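Thanks, everyone. Please look at the next slide, and I'll talk you through it.

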Amino acid sequence: MTVSDFVPVLIQIALAAGLAGAILTGSVLFGQRGSKNKIKNYAYECGIKSDGKTSTRFSVKFYVTAMLFILFDIEVLFLIPWVLVYRDFVANSLPILGPILFFLGVLVVGLFYELKKGALEWEK
């Protein structure tokens, strides 16, 4: 691989950074600026002053379920490239089925472990 192979990636990174900088600069230059007035910065809630805490605490069960979802969602993303190159590997008689079956096996073992521990039960 040569440096010229990475030019499209570098161009995309430069464009993304430039667009992000332009959006941030535009929001600073053209965006509305709030006044430092206590009444105007107060959260409006149907004309009634809020009672108690303004933020509620979530149960730990929510975070565990959210992290498990993210974990399995990312693992599914690893399967997409495998699906896309499967025919090429088979055409060149390269073994690709064994590693992906091992990956899926570890995934299924992890899922059964989570089910056994009760990580996916809300009522617990």
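Start with serine 93, in the loop between H3 and H4. This is a predicted model, so every value I give is computed. Phi of serine 93 is near 50°. That is a positive value, in a residue other than glycine. Is serine 93 buried or exposed? Exposed, because its relative accessible area is 62%, and the cut-off for exposed is over 50%.

H3 covers residues 60–91. H4 covers residues 97–117. How do we describe such a pair? Two packed helices are described by the angle between their axes and the distance between the axes. Here the axes of H3 and H4 come within 12 Å. They cross at roughly 165°. Angles over 145 degrees count as roughly antiparallel, so H3 is roughly antiparallel to H4. The crossing of the two is left-handed.

Next, the surface. Which residues form a nonpolar patch there? Met67, Phe69, Ile70, Ile74, Leu77, Phe78, Ile80, Leu84, Val85, Phe89 and Leu94. Together they have about 1,100 Å² of accessible area.

Take one of them, isoleucine 74. Isoleucine 74 sits in helix H3. Its relative accessible area is 42%, so it counts as partly exposed. Patch members need over 30%, and isoleucine 74 has 42%.

Last, the whole chain. The protein has 4 helices and 0 strands. Along the sequence, the pattern reads α-α-α-α. How many of the residues count as buried? Of the 124 residues, 6%.

That's my slide. Over to you.

Technical notes: Residues are numbered from 1 along each chain as its sequence is written. This is a predicted model: local features need pLDDT of at least 70, side-chain atom pairs count only at pLDDT 80 or more; totals for chains, interfaces and linings use all residues. Side-chain values use heavy atoms; hydrogens and water are left out. Patches are made of residues with over 30% relative accessible area and no salt bridge: like charges are joined within 9 Å, nonpolar side chains (Val, Leu, Ile, Met, Phe, Trp, Tyr) within 5 Å. Accessible areas come from the Shrake-Rupley method with a 1.4 Å probe; for residues, only the protein chains shown count as cover. A salt bridge is a side-chain nitrogen of Lys or Arg within 4 Å of a carboxyl oxygen of Asp or Glu. Buried means under 20% relative accessible area, exposed over 50%, partly exposed in between (1.4 Å probe, protein chains only). Axes are lines fitted to C-alpha atoms, for helices over the stretch in contact, and angles run from 0 to 180 degrees between N-to-C directions. Angles under 35 degrees count as roughly parallel, over 145 as roughly antiparallel, 65 to 115 as roughly perpendicular and the rest as oblique. A crossing is left-handed if the near helix is turned anticlockwise from the far one by less than a right angle, and right-handed if clockwise.
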